[in-house]
Amino acid sequence: MAGNRRDFLKLAGLTAVGTTAVSSIKAPTAAASTADSHPEASADGVRWAMVIDLRKFSKDDALIERCVEACHREHNVPNWEDDPKNEVKWIWADDFETAFHSQEFHFIREDLKGKPTLLLCNHCDNPPCTRVCPTQATWKRDIDGIVMMDWHRCIGCRYCVVACPYGSRSFNWKDPRPAIDEITADYPTRMRGVVEKCTFCEERLARGLEPACVEACGNEEIVFGDLNDPSSKVRQLLAERMAIRRKAGLGTQPEVYYVIDDPRTLQETAPAAVVDGAEGGDHA
Amino acid sequence: MLEKALTGNRTYWTWIFFLLVVIGAGAACWYWQFRTGLTVTGLSRDVVWGLYIAQFTFLVGVAASAVMVVLPYYLHNYKAFGKMTILGEFLAIAAVIMCMLFIFVDMGRPDRIFNVFLHPTPHSMMFWDTVALGGYLCLNILISRVSLSCERRGEAPPKWIKPIIILSIPWAVSIHTVTAFLYAGLAARPFWMTAILAPRFLASAFAAGPALLILLALIVRKLTTFDPGKEAIQKLAEIVTYAMLLNVFFVAMELFTALYSDIPEHVLHFQFLFMGLDGNNTLAPWMWLSVVLAVVALVILVNPATRRTETTLVVGCMAVFGSLWIDKGLGMVIAGFTPSPLGKVTHYAPTAPELTISLAIYAIGVLIVTGLYKIALEVRGQMKTEP
Amino acid sequence: MYDAGKIIVGLVVFFVLATSPLWFNALTEKGPEAPKLVYPTNGSTECVETKDYMIPNHMDLLNLWRDDVVRKAKRDYVSSSNGKIFDMSLSRTCMDCHSNKAEFCDACHTYMAVTPYCWDCHVEPKGAN
């Protein structure tokens, strides 16, 4: 774990000085940039991606709650539980069949049926939401592929919400502040009338930290890293395991992957520490 | 010339006052929405666009339809439309202003509206729609103003206005095409992702717009000494008939492709519209009403005897307008969100403030039409005494 | 012009009334009282730029910071007055020292009748009122 953290920090340091890494995965449209893109951006810089290892999640896992809670607390996401019409969410769980809605699952493996699956912004390589924004209030960052939001500029037309095929974007139908249980002073809240969503914790990445949800898991249930680095953990997992993406057929190139292998494969390869640490899981 | 809208009899001012009351109520509701947020509408995370954007879409069609009188008159020198063109252009002006207002009231941060111009973004269809609508408004104001003031002075319109009028013809087509592109280019929304959306928008626009124009012309004829002429009305009725037939044909194409291919993400939207989905059938009665109205309209319009009789023609035009308003001003937008990309069905119904704001915007449109038509008729009234 | 006399008199009356606060102050020689700002009490003596620069330009600087951080992923600001590097953050860097929003930011903003929307989203430090 410690080693992993060190690699990660090194990687984040590399991002900061804009050093290029070897590129092996790059969508054809990745070089398309918006007017405000980073001048030193390079098509083969860092490409952040997330692999959610469904093997490590169980059907009634407090883990999910921990992830959601960590993210929403850190980013001052309002909680409109008693008023669902105003709902705002950055990361949430839906059952596996809903998460992969466009596929039909009738006779799938028992452990996947109804499995709560974390959903968040996919930080697509070819994002339809940024294409439609009339003010460039949302755009894909060239330096690392994060789909960003500028809450100072958003005019609240909600075109990006309409264009997102994953339901990852939320609009502030009213002032969110009263619905924030405890405000985290280090991060801004939003004002009514703007769209918000997950930013891959770019503010944490800038400080060399992993995203809040990854940290909340703590045991590589969610792995975060650079797709352009062949030795990264995300690349390893994608090479060794069966991973799928949501609505891949739309060509949006989501950068959140879901490992759907049988949980029993965890024992084959994973270091013992990982299995030991997966407390509370019923996947063994 | 505008001062001509500021004089009138008691009926005129009662009507203006009534419209102002409706507008006032809507303005109050909008202020409340502005202070509280769009939570006062029936919209939610899954249905993010509703009545406002649907009215915008419908009215872009009404605006574009002015071309149906402008084109025959200016391009084919069809003289019978001589008296109608100005009514068409004024209707377009009112419709475009209503469109802009509907977009404005739908914005989460209307205070930042200028960001669209401060950060122009050519890859966004919304940017192009803004350009197209703004341009169309300018064209129509310029054209109607120049031609009306020339008419008042009894002069022929200046030569330089002709190319601008010709330009307004493809421009009219473009506003509704770009509006269709707002929807048709979204992989997330299979219901709208159809190449026939723009043609369908145009067909429905060229049916609903001229139908409205016929009704307006007949109302004006009843209230004043203005007479559009029987030939003009009949020619417009034919245009409505063909456009409505085309529209129904396009809808049938849509239905065939979706239903025969039987791809769930295409079928489900139609199922929601006409049968209801997951127990939610808010729109089904409306959609069937739209179908019935379309049938009634076509029976009346296709049959020459009923088309030529004014009373039945009026019923036919109202049926066309009603049918297409339901189809485009209710069904088209809402069905795109139901079911959501994750397959969820969320109930949407406009709230009272949402309806009041929408009504007020229509009242603003009616007010503009009233004022502008009054100006045109006053100018014409002067003309009458001259010879 | 019809009724030219009435219109011109009306315009003059309007102009005098609209500018009356200025006249009043000029005649009574009671100039506006400048707001008294409370400067940092945490011992810090240096701002990211000089005070003379900050007073008229802080809003532009903040806009620049905003765009650099949000849109360009740049977080370090090199001061042109002393060459030091600062984290471009309203809530961390600025309000670390100027933690007394009411007596610093608000005092002047109220006086100038401007209502920046910074704090609609950004959180002022705890303990400030």
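Which of the 2 pairs of chains in contact share the most contacts? Chains A and B do. The notes below concern a predicted model.

1. Overall confidence. The predictor assigns the complex an ipTM of 0.92 and a pTM of 0.88. For chain C the average pLDDT is 87, and 95% of the residues score at least 70. For chain A the average is 82, with 79% of the residues at a score of at least 70.

2. The lowest confidence in chain A falls in helix H10 (residues 272–277), with a mean of 42, and the highest in strand E7 (residues 195–196), at 98. Residues 1–42 of chain A have a pLDDT below 50, yet this stretch has 59 contacts in the model beyond near neighbours in sequence. Residues 272–284 of chain A also stay under 50. For residues 272–284 the model has 19 contacts beyond four places in sequence. Where pLDDT is low, predicted coordinates should not be read in detail.

3. The A–B interface. On this interface, 38 residues of chain A are in contact with 31 residues of chain B. Three elements of chain A give two or more residues to the side that touches chain B: helix H4 (128–132), helix H5 (159–163) and strand E6 (170–171). H5(A) gives the most, with 4 residues. By residue class, the side of chain A that touches chain B has 18 nonpolar, 11 polar and 9 charged residues.

4. Chain B and chain C are joined by no contact, and their closest C-alpha atoms lie 12 Å apart.

5. Fold and extent of chain C. Chain C has 6 helices and 2 strands, in the order α-α-α-β-β-α-α-α along the sequence. Why is chain C described as more spread out than a compact globule? The radius of gyration of chain C is 21 Å, while the globule rule gives 14 Å for 129 residues; the value is well over the rule, so chain C is more spread out than a compact globule. Along the principal axes, the C-alpha atoms of chain C fill a box of roughly 65 × 35 × 30 Å. Of the 129 residues of chain C, 13% count as buried.

6. Domains of chain C. The chain is divided into domain 1 (1–32) and domain 2 (51–121). The centres of these two domains, taken over C-alpha atoms, are separated by 38 Å. Among contacts in chain C between residues at least 6 apart in sequence, 56% join residues at least 24 apart.

7. Helix H9 of chain B. H9(B) covers residues 230–261, and its 32 residues should span 46 Å at 1.5 Å a residue; the end C-alpha atoms are 46 Å apart, so the two values agree. Buried residues in H9(B) include B:Ala232, B:Ile233, B:Leu236, B:Val240, B:Met244, B:Asn247 and B:Ala258. Among the elements of chain B that cover the buried residues of H9(B) are helix H3 (67–75), helix H8 (197–223), helix H11 (284–302) and helix H13 (310–336). Just after H9(B), B:Asp262 takes a positive phi of about 60°.

8. Backbone exceptions in loops. Most residues other than glycine have a negative phi, and most peptide bonds are trans. B:Asn77, which is not a glycine, has a positive phi of about 55°. B:Asn77 is found in the loop between H3 and helix H4 (85–106) of chain B. Is B:Asn77 buried or exposed? B:Asn77 counts as exposed, because 8 C-beta neighbours lie inside 10 Å and the cut-off for exposed is 12 or fewer. C:Ala113 also has a positive phi of about 55° although it is not a glycine. C:Ala113 lies in the loop between helix H5 (102–112) and helix H6 (118–121) of chain C. With 6 other C-beta atoms within 10 Å, C:Ala113 is exposed.

9. A cis peptide bond. B:Thr338 and B:Pro339 are joined by a cis peptide bond, with omega about 0°. The loop between H13 and helix H14 (352–385) of chain B holds B:Pro339.

Definitions and conventions. Residues numbered from 1 in each chain as written. Chains lettered and ligands numbered in written order. Predicted model: local features only at pLDDT ≥ 70, side-chain atom pairs only at ≥ 80, totals over all residues. Rg over C-alpha atoms; globule rule 2.2 N^0.38 Å. Buried ≥ 20, exposed ≤ 12 C-beta atoms within 10 Å, placed from the backbone. Contact = placed C-beta atoms within 7 Å. Nonpolar A, V, L, I, M, F, W, Y, C, P; charged D, E, K, R; others polar. Expected span 1.5 Å × (residues − 1). Domains from an automatic or database assignment. pLDDT = per-residue confidence, 0-100.
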